[in-house]
Amino acid sequence: MAGRVAEGELLLSDQEREELRRLCRRRNASQALVLRARIVLRCAEGASLSSVAQQLAVSRRTASKWRSRFIQHRLEGLHDTQRSGAPRTITDQMVAEVVKLTLEQKPKNATHWSTRSMAERSGLSQTAVSRIWRAFGLQPHREETFKISTDPLFVDRVRDVVGLYLNPPQCALVLCVDEKSQVQALDRSQPLLPMTPGSCERRTHDYHRHGVTSLFAALDIATGEVIGRCSRRHRSQEFLQFLRRIDKTIAKRPGQEVHLVMDNYATHKTEAVQRWLLRHPEYHVHFTPTGASWLNQVERFFAKITQERIRRGVFRSVPALERAIDAYLEEYNQNPKPFQWVADADSILQRVARVCERTSNSGH
């Protein structure tokens, strides 16, 4: 039988009885809710409040309360009602003041705010300051670097390079070329302590230098494959040798064009390099703007190899370093994956314009 009944009577429908029994069997239900369901089931079986209270080890008042709540509100009555909670102690004005101080002022004798210094200034607790900063995405302890290119051809070169990424010429090969110079062969002064449960890998802060090498690399933006070569010196001669290696490595079809994306480093513009390019008219060079190496996709590969193989490596000689780089390139090219370039030239230029506007209005 469903629906409301007279005060003092407790009758259950088949659906309500099954729901209460299911609630008593549910493992993840709260103990308080299970107890209330058992009280209702016992009362529905005809037991008195006194016997129900004795069987379930509760007071007669508690048994009466949940019996009455169920009669009035049925299953919904077994759940706790919403409570207003304690009144707010931090007003919107106090929150706005913390945000304003964080964005517009600096603490005395410090370059940025900490939760402790802001708590002293605002009169709030460190926990409250931390919650406010998280809510508004403020991180005074962090900073990032940037550089605005002063290249007078910045706009044209951005559109040229990005257009090459997003819409390369049909049947053309696009290679991002650059050098990672001064790669150091570093050996720690003492053996590493390997990682153990609860403890990360540890190494000494000091090291021994065993020389440097330079990694010349060309990234195929279509396949992600990398042509690489290590060289002890970093001159125009070495760059020419790398261009010849590129020419021998790639499988060009007759008439196929090769587009090279490079930065404005002096070794890329010498007379010897210009003569080589004139003898190979199928090669077309696209220069990134000065101070905008982030436009060259091969820089992303340099970051990857540095993080995965070089930074935490231990090398007792330059040949050992070069062997490690060659092994990484061989393994990487077995399953290459291209980097997905998604930003168009207009969005990049708009972001640069916003940064320029902010720096011009920063007061520095």
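Is Phe242 buried or exposed in this predicted model? Phe242 is buried, with a relative accessible area of 0%; buried means under 20% relative accessible area, exposed over 50% and partly exposed in between, using a 1.4 Å probe and protein chains only. The model is predicted, so to speak of local features we need pLDDT of at least 70, and side-chain atom pairs count only at pLDDT 80 or more, while totals for chains, interfaces and linings use all residues. Residues are numbered from 1 along each chain as its sequence is written, and side-chain values use heavy atoms, with hydrogens and water left out.

**View 1. Phe216 and Phe242 form a tilted aromatic pair.** Their ring centres are 5.8 Å apart, with 40° between the planes. Rings of Phe, Tyr and Trp (its six-membered ring) pair if their centres lie within 6.5 Å; planes under 30 degrees apart count as stacked, over 60 as edge-to-face and the rest as tilted. Phe216 lies in strand 2 and Phe242 in helix 9 (residues 236-249), so the pair ties together parts that are 26 residues apart in sequence. Helices (H or I, at least four residues) and strands (E, at least two) are DSSP runs, numbered from the N terminus.

**View 2. Five strands make an open sheet in the order 3-2-1-4-5, with mixed pairing.** Strand 3 and strand 5 (283-287) are the edge strands, each pairing on one side only. Two strands pair if DSSP finds at least two bridges between them. Strand 1 (residues 173-188) runs antiparallel to strand 2 (residues 207-220) over 11 bridges, and here Leu186 has Arg209 of strand 2 as its bridge partner.

**View 3. Strand 2 and strand 3 form a hairpin with five residues between them.** In the turn you will find Gly224, with a positive phi of about 85°. The two strands pair in the antiparallel sense over six bridges, strand 3 covering residues 226-231. Leu219 stands opposite Val226, and Phe216 has Arg229 as its bridge partner in strand 3.

**View 4. The largest nonpolar core holds 27 residues.** Such a core is a set of buried Ala, Val, Leu, Ile, Met, Phe, Trp, Tyr and Cys residues joined through side-chain atoms within 4.5 Å. Cys176, Leu215, Val226, Val261, Phe301, Ile305 and Ile325 touch the most other members. Helix 12 (318-332) is among the elements that supply at least two residues each, and helix 12 gives the most, with seven residues. Not counting residues up to four places away in sequence, Val226 has contacts (heavy atoms within 4.5 Å) that include Ala217, Phe301, Leu329 and Tyr332. A second, separate core of 22 residues includes Ile39, Leu41, Cys43 and Ile71.

**View 5. Phe301, Phe302, Tyr328 and Tyr332 form one aromatic cluster.** The structure holds seven aromatic pairs.

**View 6. Arg157 sits in helix 8.** Arg157 is buried, with a relative accessible area of 18%. Among the residues that Arg157 touches are Asp151, Asn264 and Phe287, not counting residues up to four places away in sequence. Phe287 also has Lys269 over its face, at 4.8 Å from the ring centre. A charge sits over a ring if NZ of Lys or CZ of Arg is within 6 Å of the ring centre and within 35 degrees of the ring normal.
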